[in-house]
Amino acid sequence: MADIMKTLLSISYFLLCANCFGQTKLQKLIVAEYRIDSPRIGNFTYLVSYNFANGLLLSKDTILGVPTNRKGIAGSYVRYDLGINFIYKNRYVISGIGNVIDIKTKSLVMEESDDFISAQGDTLIFHRDNIFTGTGYLMLDLKSRQYKFINQDKLDKDKNRRSSPDKLHYLSIDQSKLPYKIWLYNSDSKKKLVVQDAGHGPNIMYSSQFPTIETTWLNNHTFLYAVHETKFDDEKKDYSKVTLRQYDITTNSDQVFFVLDSVSNGKTNGRFFIDNVGQLIYRSSGWSYHLVDTVNRLLIDYPFYELGFGFSTANKAEQDGTVLKYNNIDIGKLWCSNEVVGEDVIAVEFGDIGSNLAYPKGFMTWSKQTNKWTIISIPWLSNLIGWVNEE
């Protein structure tokens, strides 16, 4: 008891000083935790907030407690351990299976499990593909909490992924025979063959994925695509020469953008993606990361993934952990996963070195204000969701 009182008095003194000499920053870390007194751990989840002031933990509140399955509802009910969770408008948790929770009112806005597509203002768009309840787009109004089907074409995920920024064109990969081809479609679905020989895709080993062609649009009229050519080393082990090519649909020009001479075979297709600070990244099928410099037509080494708010994490973990940085300065090497960041704060799930991080020991937080890590042991942790700034 004496230690607890001492800690509370220290925090109170810290906050008093902060109020006297500077503004107190209040932040909440939203976390999903399993209830451990259930007959089976994992069938009930609490959404909770850990409340911090200038990086110091003050308290913990429960936002919502719900079962992961519910009688009369097929499939999962409310879960945070599948897919990607995120926080929208500093208020709404959108789970990986499409649940929506209002942190402010501590209520379940939507219990449906549909695929999240996009958000704009108070409108969220989802997609459902269910032979029993319907297939198509649905719209959720966060103010009225009305959820209904809207009149749009049936979702074509591949079309959506390969559309130009202005949505006037999209690409289709013809994998009916080798070599693969790339077709260009306009908004009226008229098509044109633009790449006669796009190769065969990466050499994927021991995977359920089928090799395809990676593409990304640089602007409304130019896209990149990757051509893989199988090579063999002195020991007759195969690898790939990967050529990124740039195609301009206005001039029909097709030219080399950059060449990766040696890419090891992987278990997944490579891909283009945007990191958390808006940079275009190419990850090869051999899991090497490259920053795409479109101005100088270069691929640049990208050893640290930018998480946002000045935080970054090493793309390749070492045997004793992963290096984390803040403003390019090391803040630790941890056996960790699922890094979530906010303004001057980061939280990670952690475990013992070499352990399975699907079953973490809990989470750790670091802040610019404290410049140290705080360990919070929770063996029943489900998932870290994200940070919310207290308004």
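The largest cavity has a volume of about 50 Å³. The model is predicted. A search of the whole structure returned one cavity of 30 Å³ or more. Its lining is made up of Phe52, Gly55, Val345, Thr365, Trp366, Ser367, Thr370, Lys372, Thr374 and Trp387. Strand β29, residues 362-367, supplies the largest share of this lining, with three residues. By residue class, the lining of the largest cavity splits into four nonpolar, five polar and one charged.

Open space was also examined. The second largest pocket holds about 900 Å³ of space. Its lining comprises 33 residues. Nearest the centre of this pocket lie Asn276, Tyr305, Leu307, Asn338 and Glu339. Five elements are listed as giving two or more residues to the lining: β19 (271-274), β23 (304-308), β24 (311-314), β27 (336-342) and β31 (381-389). Of the lining of the second largest pocket, β31 provides the largest share, seven residues. The lining of this pocket contains 16 nonpolar, 12 polar and five charged residues.

The chain as a whole was then considered. The protein chain has 31 strands and two helices. It counts 391 residues, and 45% of them are classed as buried. Among contacts in the protein chain with a separation of 6 or more, 38% link residues 24 or more positions apart.

Strand pairing was examined next. An open sheet is formed by four strands in the order β15-β16-β17-β18. The pairing in this sheet is antiparallel. At the edges stand β15 (215-217) and β18 (253-263), each of which pairs on one side only. From one strand to the next, the twist averages 20°. Within the sheet, strand β17, residues 238-248, runs antiparallel to β18 and is joined to β18 by eight bridges. Arginine 245 stands opposite valine 256, and this valine belongs to β18.

A hairpin is formed by β12 and β13, with six residues between the two strands. Strand β12 spans residues 169-174 and strand β13 spans residues 181-186. Six bridges join β12 to β13, and the two strands run antiparallel. Opposite aspartate 174 stands lysine 181 of β13.

One residue was followed in detail. Lysine 148 lies in strand β11, which covers residues 147-149. The relative accessible area of lysine 148 is 45%. Lysine 148 therefore counts as partly exposed, because that class lies between the buried limit, under 20%, and the exposed limit, over 50%. With neighbours within four places in sequence left aside, lysine 148 is in contact with Tyr137, Leu138 and Met139. Phenylalanine 126 is 22 residues from lysine 148 along the chain. The C-alpha atoms of lysine 148 and phenylalanine 126 are separated by 9.9 Å.

Methods
Residues are numbered from 1 along each chain as its sequence is written. This is a predicted model: local features need pLDDT of at least 70, side-chain atom pairs count only at pLDDT 80 or more; totals for chains, interfaces and linings use all residues. Side-chain values use heavy atoms; hydrogens and water are left out. On a 1 Å grid over the protein atoms alone, a cavity is a set of points where a 1.4 Å probe fits but cannot get out, and a pocket is an open set with protein on both sides within 12 Å along at least five of seven lines; lining residues have an atom within 4 Å of a point. Grid points are joined across faces, edges and corners, and a volume is the space filled by probe spheres set on the points. Ala, Val, Leu, Ile, Met, Phe, Trp, Tyr, Cys and Pro count as nonpolar, Asp, Glu, Lys and Arg as charged, and the others, Gly among them, as polar. Two strands pair if DSSP finds at least two bridges between them. Axes are lines fitted to C-alpha atoms, for helices over the stretch in contact, and angles run from 0 to 180 degrees between N-to-C directions. Buried means under 20% relative accessible area, exposed over 50%, partly exposed in between (1.4 Å probe, protein chains only). Contact means heavy atoms within 4.5 Å.
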